[in-house]
2 protein chains.
Amino acid sequence: MGFSPMARVSPETEASPLSSSQNSTVLRTLTDFVKADFAAVNAVLLQEMQSEIDLIPRLARHLIASGGKRVRPLLTLVAAKLCGYQGMQHVDLAACVEFIHTATLLHDDVVDESNMRRGQASANALWGNQASVLVGDFLFSRAFQLMVRVGNLETLGVLAKASATIAEGEVMQLMDNNNLEIVEQRYFDIVRAKTAALFEAACLVGGMIAKPDVSVSQALGAYGSAFGTCFQIIDDVLDYAADEQELGKSVGDDFREGKVTLPVIYAYHKGTADEKQFWERAFTQETLGKNDLAQAQAYLFKHKALEYARSKAAFFGKQAKAALDVFDESDLKAALLSLVDFSLGRRY
Amino acid sequence: MGFSPMARVSPETEASPLSSSQNSTVLRTLTDFVKADFAAVNAVLLQEMQSEIDLIPRLARHLIASGGKRVRPLLTLVAAKLCGYQGMQHVDLAACVEFIHTATLLHDDVVDESNMRRGQASANALWGNQASVLVGDFLFSRAFQLMVRVGNLETLGVLAKASATIAEGEVMQLMDNNNLEIVEQRYFDIVRAKTAALFEAACLVGGMIAKPDVSVSQALGAYGSAFGTCFQIIDDVLDYAADEQELGKSVGDDFREGKVTLPVIYAYHKGTADEKQFWERAFTQETLGKNDLAQAQAYLFKHKALEYARSKAAFFGKQAKAALDVFDESDLKAALLSLVDFSLGRRY
C-alpha cells in the first residue's frame, strides 16, 4: 500500500481543469456580475436570522457567516440577471434558497453526527443536536416567511417542492447507509433529490420571476440540476481525495459514516473477492481501523475510481453547459459556463 | 410521604369539571359539526404523506394514524364554519396545521429523547432520531406545498410565522432546561410560543379565509391563543398527575427531562430550604432516584401546586371563552365553549 493518510491527494486530483486559485477567481468573477445584489442577500440573511432568542442568531451566524461558497443564492441572482430581470424579488428568493440550504446542513450534521463543517466545529458539536434541529426548523420557517414577503406563489411552490425532495433524498441516503449493493442509478437518484433539486430550484426561481418563455426557465432549471449533480459527485470525490485543510472538513467522513458514494460503488463492483470483503467489513463494523481509510483510498486508486467519478461529473457538467445553449453569448453566460469548470476542478 | 408511583393521581385531579367520558363526548360533538370536512382532512393527511420513499409514509402514519386528538385542525374547520365559510380551502389548511404539528412532535421527541408518544413507542425510538428529523422536514415541506395549493398568501404568512415562533419557543425551553430560577412570566412566554402560537394560527386562518371583519378573525385568534395556553398548562399538570395508560405517555417525563413547568416553579418558590435542595438535586443530577418522582409529587401536593396551575389554566380558559363574545349564540359556539371545559377536565 503506497497510501498513508498524509498522502491522500491522489495524482488524479492533479488533473483538475483549474487550480484552486483559478477556482476562486471564477467564483469571484461570477459574484462581481451581481455584486450589489449579493451584498443585499447577505444583509437579508443577517437580518432575517435575528430572533429575540439569542441562541438562534448565534448558532445561525456560526454557519452562515462562516462563509460557505453561497453558490446556490448566487445562481438565483445570476439566473434572474441572465433573463434580464429588473426587480428586487431575486434578493429575497436567493436568501430563501440559502436558508433552506443552511437548515438542511444543520439537520444533516445531526443525522450524520458530524463534528466539522466549513473548517470549524459543527453547530451540533458546539451547541448539541437539539439546538441544531430547532434552529434548522427556525431558518426553514423564516425562509417561508421570506417567500411570503416576495409574494410569488409559483416560486414558493418550487421551493416547497424542492424542500420536500431534499428530505426524501436524505431519507433514501439514510436507508442505503452501509449498503454496498446499491447501483449507480440509485446513487444518482439520491444525488438528484438531496442536492440537485435545490440547485435546480435556485436557478428556476431566478428565471421564473423574470417571466421569460417557460422554456428559458426550464433551461435554467436543467442547468441547475446537472450542475448540482456534478457538484455533488465532486464533493464525494473530495471526501477521499481532498486536502483536509482546504476542504474545511474531515477527509473520509463519508467512509466513516457508511455513505456509499459513486467511487465506492465503482471500486466495490470492480474489486476482487478480497477487496469486496474489505469493503464489506469496513462498511459494517462499528469503528474503522487506523489504516482502513488509506486502504480504501488505495483500492479507489487501483481501479481509478475517483477518475471514473470525475468523468461522470464531467458528463453532467457537459449537460449543464448544453442547457445554456438557449442563451446568446455573453460574459455572464461565459461565467456560468466557467462555474461548471470551477466545480469540476475545485479542491474544497 | 404518602405517595407512591402507583398512586400518582392526586385528589386535585378529581375536581376536574368534566369526567373523561364527558370529555370525549365534547370532542365528538364538536367534530360532528364538521364531520364531512374532518373526514376530508384525514384523507388529505393520508394522501399528502405519501412518498415513493416508503419509510416516509410508514413513519408518518405511525404518528398521524395513531389518533392524536386532532384538536388543532378541528379548530381550523370550526373557525371557518363559525364565520360562515362556504369554500373548501379550510380542509387543506387544517391538514397543513396538523402536518406542522406532527413535524414538531417528531422533532420534539428527538430533542427530548422521548420513547413514548400517544401510547406507543415514539417514532425516534422505533426508527431512530435521524429518520425522525428527516421525516419531520418532509412533512413540514409538504405543509407548505399544500398551502401553495390553497393559494392564499395571507394564511401562508400566518402559518409560516407560527412555525418560526414554535421553533423559538422550543429553543427557549431548551435553554431553560433544569433552570429552577425561571419565573412564571418566562414559563408563559415559552408556552405562548411553543404551543399557543399554533392554536392561534389554526383558528386565525380558519376565520381569515371566510373574510369576516378583521376583528372577528382576531377574536378567533385570541380564542386559540388562550385556549392553547390553557391546554398546555393542563398538559404540564397531567405530566405529574395523570393515569399513565390514559395519558398515552409516561408520567413524569417533564421531570426526567428537566423541563421546569408551572407546578414546579410554584412549588419550588413556595418550598422550604430542604425542598429547594431536593428540586435542585433532582433537576441537576444525571439520573433520578426511584422515589424522586413520588417525592416531587408529594411536594406539589403539599403546596397545592397542581391546583394552582389548574387555576391559571382556568384563567386562560375564561379568556378564551370571553374572546368568543363577538359571536352570536349558536350550538357551534356552545361547543367551542365546552371545548375549553374539556381541556380543563381532560385526563389524557
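**A guided tour of chains A and B**

Begin with K211(B), which sits in the loop between α10 (184-210) and α11 (214-241) of chain B; helices (H or I, at least four residues) and strands (E, at least two) are DSSP runs, numbered from the N terminus. This is a predicted model, in which local features need pLDDT of at least 70 and side-chain atom pairs count only at pLDDT 80 or more, while totals for chains, interfaces and linings use all residues. Residues are numbered from 1 along each chain as its sequence is written, and chains are lettered from A and ligands numbered from 1 in the order in which they are written.

K211(B) is not a glycine, yet its phi is positive, at about 50°. K211(B) is partly exposed, with 13 other C-beta atoms within 10 Å; a residue is buried if 20 or more other C-beta atoms, placed from the backbone, lie within 10 Å of its own, exposed if 12 or fewer, and partly exposed in between.

Next, select helix α3 of chain B, residues 35-48. Its buried residues include D37(B), F38(B), V41(B), V44(B), L45(B) and E48(B). They cover an arc of only 115° around the axis and therefore lie on the same side of α3(B); the arc is that of the directions from the helix axis to the C-beta atoms. Turn to the face away from the buried side to find the exposed residues K35(B), A36(B), A39(B), A43(B) and Q47(B).

Move to chain A and select N178(A), in the loop between α8 and α9 (184-210). N178(A) has a positive phi near 65° and is a residue other than glycine.

Then display α16 (residues 305-323) and α17 (residues 331-345) of chain A, whose axes come within 9 Å and cross at roughly 170°. Axes are lines fitted to C-alpha atoms, for helices over the stretch in contact, and angles run from 0 to 180 degrees between N-to-C directions. α16(A) and α17(A) are therefore roughly antiparallel to each other (angles over 145 degrees). The contact (C-beta atoms, placed from the backbone, within 7 Å) involves A313(A), A314(A), G317(A), A320(A) and K321(A) of α16(A), together with L337(A), V340(A), S343(A) and L344(A) of α17(A).

Finally, show both chains: their contact takes 35 residues from chain A and 35 residues from chain B. On the chain A side, α4 (55-64), α6 (89-112), α7 (123-150) and α8 (153-175) each supply at least two residues. α8(A) gives the most to this side, with 14 residues.

Notes: Expected span 1.5 Å × (residues − 1). Parallel < 35°, antiparallel > 145°, perpendicular 65-115°, else oblique. Contact = placed C-beta atoms within 7 Å.
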